[in-house]
Every structure is written in C-alpha cells, then in structure tokens.
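This briefing concerns strand pairing, aromatic contacts and the nonpolar core of one protein. Please read it alongside the sequence and the structure shown here.

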Amino acid sequence: MRTAFVSILCAPLVALAQAPTLDFKGIPFGANQEALRQISLEVRAYDCAPTKPEETLCSIGGMTFANVSTNLVLVTFFRDSMEHVFIQGPSAAFDVTLHALTEKYGKPSWQERKAVRTKIGVPYEQAKYLWRTKDGGTIMASRFHEDVETSSYSMSSRAATERQERESAAQPKAKKDI
C-alpha cells in the first residue's frame with residue numbers, strides 16, 4: 001500500500017523529469033536572434049523591432065508550426081535571449097497541433113474544457129491545455145483565440161514567466177471606480 005501511494009505521488013515528478021526542454025523549431029529558449037534568423041531564411045517575412053528597454057519583438061511570416069501554416073508568429077527576446085513565442089494558426093488544425101505537442105512534450109499537466117458563447121450567442125466548447133517542461137518552460141494551447149477560426153499557442157521560458165510575475169506584482173492595483 002505504501003509503495004503504491006509513493007508511486008502515485010512521484011508519477012508527476014517522473015513525467016516532468018522525462019519531459020524535454022522547451023524549444024521552438026529546434027532552437028532552445030535562451031538562444032540569440034541569430035539562431036532564429038538562420039531558420040527564418042526560408043520564410044518570406046522576418047522583422048524585428050525593440051519594444052521595451054532590452055526587449056525585442058520579431059514577427060515571422062510564412063512559417064509552419066507542427067506542419068500547419070501559421071497566421072502569426074511573434075518571438076520575444078530579452079537581452080538577445082529568446083524567451084517567448086506566440087503563435088496563431090487555424091482552429092481547424094488544432095487537433096493536429098495538439099497531437100504534435102503531446103507527442104513531443106507528453107500529456108499536458110493541466111487542461112480545461114468549458115462551454116462558451118460567441119458575441120452573438122453561438123455556443124462552442126473552448127479547450128485549453130498547459131504543459132510544463134523540465135527547464136521550467138510553459139506551453140499554453142487554446143483551441144480558440146479571438147474568434148472561432150483562430151487557435152493560439154504561447155511558449156514561455158522560466159525567465160519570461162518569472163519576469164512577468166515580478167512586473168505584474170510591481171504594478172499598482174487598479175482602484176475600483178464605483
């Protein structure tokens with residue numbers, strides 16, 4: 001009995017230890033812009049611009065993710081270190097991408113399905129999945145993003161997540177306007 005209990009408690013730790021580290025198109029998070037530029041040679045559009053002190057945002061067009069054409073790929077670098085990737089693609093291909101993510105990173109550590117409605121009242125099921133990698137990275141997949149035709153995928157390094165949490169904590173709380 002005790003062995004079974006310990007096995008149940010340790011199973012998530014074993015799964016996390018076996019999970020691969022976070023990467024985008026084979027480039028590990030933490031790599032510099034030149035590494036991304038090398039894989040972007042075959043795409044048509046690649047543009048980078050500073051957005052905040054020490055932060056650069058790159059937009060890449062004509063790229064695939066899990067062999068599915070993307071609508072949008074945004075890559076954020078902090079001090080020339082890749083820390084965040086945001087991808088939008090067609091929701092019709094969500095199951096294909098979800099399968100590819102599960103094949104690579106294993107079973108999601110969290111998932112949620114809930115019934116929601118569009119602005120005009122059409123019901124649909126929203127599904128979200130979260131993976132945590134052994135290096136502290138996270139991947140969030142959402143079946144629908146801003147509309148029912150677009151899915152989104154957000155990949156963040158541990159450093160990006162920690163910085164975002166610090167910045168959020170430092171922001172003054174909004175006062176309620178009653």
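In this predicted model, Thr138 has Ser156 of strand β12 as its bridge partner. Strand β11 (residues 138–142) and β12 pair in the antiparallel sense over five bridges, where two strands count as paired if DSSP finds at least two bridges between them. Helices (H or I, at least four residues) and strands (E, at least two) are DSSP runs, numbered from the N terminus.

**Basis of the values**

- The model is predicted: local features need pLDDT of at least 70, side-chain atom pairs count only at pLDDT 80 or more, and totals for chains, interfaces and linings use all residues.
- Residues are numbered from 1 along each chain as its sequence is written, and side-chain values use heavy atoms, with hydrogens and water left out.

**Overall composition**

- The protein has four helices and twelve strands.
- Of its 178 residues, 35% count as buried; buried means under 20% relative accessible area, exposed over 50%, and partly exposed in between (1.4 Å probe, protein chains only).
- The accessible surface comes to about 11,500 Å², of which 55% belongs to carbon and sulfur atoms; accessible areas come from the Shrake-Rupley method with a 1.4 Å probe, and for residues only the protein chains shown count as cover.
- Among contacts with a separation of 6 or more, 46% join residues 24 or more positions apart, a contact being heavy atoms within 4.5 Å.

- β12 is mostly covered, with six of its seven residues buried.
- Strand β8 (residues 81–90) runs antiparallel to β12 and is joined to it by seven bridges.
- Within this pairing, Val85 has Met155 as its bridge partner in β12, and Phe86 has Ser154.
- β7 and β8 also run antiparallel, joined by seven bridges; the bridge partner of Leu74 in β8 is Phe86.
- The hairpin of β7 and β8 has two residues between the strands, and Arg79 takes a positive phi near 50° there.
- Eight of the ten residues of β8 are buried, so β8 is largely enclosed by the rest of the structure.

**Aromatic pairs**

- A pair of aromatic rings is described by the distance of the centres and the angle of the planes.
- Rings of Phe, Tyr and Trp (its six-membered ring) pair if their centres lie within 6.5 Å; planes under 30 degrees apart count as stacked, over 60 as edge-to-face and the rest as tilted.
- By this rule the count comes to six aromatic pairs.
- The Phe65 and Tyr153 pair is tilted, because the ring centres are 5.5 Å apart and the planes stand at 50°.
- This pair links distant parts of the chain, with Phe65 in strand β5 (residues 64–65) and Tyr153 in strand β12 (residues 150–156), 88 residues apart.
- Phe65 is buried at a relative accessible area of 11%, and Tyr153 is buried at 3%.
- Phe94 and Tyr153 form a stacked pair, because their ring centres are 6.0 Å apart and their planes are at 15°.
- Phe94 lies in helix α3 (residues 94–105) and Tyr153 in strand β12, so this pair ties together parts that are 59 residues apart in sequence.
- Phe24, Phe65, Phe94, Tyr129, Trp131 and Tyr153 form one aromatic cluster.

**Charge over a ring**

- Arg163 lies over the face of Phe78, at 3.6 Å from the ring centre; the rule requires NZ of Lys or CZ of Arg within 6 Å of the ring centre and within 35 degrees of the ring normal.

**Nonpolar core**

- The largest nonpolar core has 28 residues, and those with the most contacts inside it are Phe24, Val75, Val85 and Met155.
- Such a core is a set of buried Ala, Val, Leu, Ile, Met, Phe, Trp, Tyr and Cys residues joined through side-chain atoms within 4.5 Å.
- Elements that give two or more residues to this core include β4 (55–61), β7 (72–78), β8, β10 (123–132), β11 and β12.
- Its largest share, four residues, comes from α3.
- Beyond neighbours within four places in sequence, Met155 is in contact with residues including Leu22, Phe24, Phe29, Phe65, Val85, Ile87, Tyr105 and Ile139.

**The loop between β11 and β12**

- Phe144 is found in this loop and is buried, with a relative accessible area of 13%.
- Not counting residues up to four places away in sequence, Phe144 touches Ser91, Tyr124, Glu125, Gln126, Thr150 and Ser151.
- The C-alpha atoms of Phe144 and Lys128 are separated by 8.6 Å, and the two residues are 16 apart along the chain.
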